[in-house]
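Here's a structure to talk through. Have a look at it first, and then we'll get into some questions.

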Amino acid sequence: MTEPAVRITGLTKSFGTLKVLRGIDLDVASGEVVCIIGPSGSGKSTLLRCVNLLEEPNDGSVVVNGIELTDPDCDLDAARRRIGMVFQSFNLFGHLTVLNNLTIAQRKVLGRSKTEAEKVAMENMERVGLADKVNALPGQLSGGQQQRVAIARALSMDPEVMLFDEPTSALDPELVGEVLTVMRGLADEGMTMLVVTHEMQFAREVADKVLFMDGGYVIEQGPASQVIGAPSHERTRSFLARVLDPTHSFPSNGSETSP
């Protein structure tokens, strides 16, 4: 059996007395797209941030491509270089051109030459459809364009796993599609992706696996056709009834599970 690209075992996280993650287990195969859905406050973003230890778990383990990030002896800086992350906010350097935003980490962290870094940056700007914007400042771009630049910046570090934390939530509705198109392209290329999202259509069409979280638990997980199309847990059904077309109905399957 091939080891999963990401293996999360018994993961717990609390902030003071607030328990945010309550024993999460998850395997993500290489090239798999996993979408994480659920109400606000369910622990989705915290789970994602624990994958690269932006949040340190209280218990459990996180292994990415054979490296246990939760091992006290792990070289976190080296391990994180293999994991790209795209946030809700774009986090671009406003005083730098797009090209410089994409090359600064390559040169300082990966030690690439200016020429090599710029070549990689241009290739990734072409991937996200913005090769003509490399000399622009972030403030001269739309929100959707800035998020695509943020994706290109993450890709320029040659990640093996990409994490997306609600990458379209800060965008005007008409700009969401251009970012999702880029993400669909990455999925088609075989990028391993964990995506926290409220975009149910994207999850339905692109995800190999969907997790529904609530109250720090994974309530239900499986193929999108099952979790979104025919959820077995009443909590999943009630959540989806609010976020999908109100005329949508779920087939009755007679099954019910508890976290």
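This is a predicted model: local features need pLDDT of at least 70, side-chain atom pairs count only at pLDDT 80 or more; totals for chains, interfaces and linings use all residues.

Reader: How many salt bridges does a search of the whole structure find?

Author: A salt bridge here is a side-chain nitrogen of Lys or Arg within 4 Å of a carboxyl oxygen of Asp or Glu. One network of them links Glu 3, Arg 7 and Asp 27. Over the whole structure, the search finds 13.

Reader: Arg 49 forms a salt bridge with Glu 55; is Glu 55 buried or exposed?

Author: The closest N and O atoms of Arg 49 and Glu 55 are 3.7 Å apart. Buried means under 20% relative accessible area, exposed over 50%, and partly exposed in between (1.4 Å probe, protein chains only). Arg 49, at 25%, counts as partly exposed. Glu 55 comes in at 19%, so the label is buried.

Reader: What separates Glu 118 and Lys 114 in helix H4?

Author: Their side chains meet in a salt bridge at 2.9 Å, N to O. Helices (H or I, at least four residues) and strands (E, at least two) are DSSP runs, numbered from the N terminus. Glu 118 and Lys 114 sit 4 residues apart in H4 (residues 114-127), so the separation is about one helical turn.

Reader: Which helices hold Arg 184 and Glu 205?

Author: The side chains of Arg 184 and Glu 205 meet in a salt bridge, 2.9 Å from N to O. This pair links distant parts of the chain, 21 residues apart: Arg 184 is in H6 (residues 173-189) and Glu 205 is in H7 (residues 200-206).

Reader: And how is H4 oriented to H5?

Author: H4 and H5 (residues 143-155) pack at about 135 degrees with axes 9 Å apart; axes are lines fitted to C-alpha atoms, for helices over the stretch in contact, and angles run from 0 to 180 degrees between N-to-C directions. Under 35 degrees counts as roughly parallel, over 145 as roughly antiparallel, 65 to 115 as roughly perpendicular and the rest as oblique. That makes H4, relative to H5, oblique.

Definitions and conventions
Residues are numbered from 1 along each chain as its sequence is written. Side-chain values use heavy atoms; hydrogens and water are left out.
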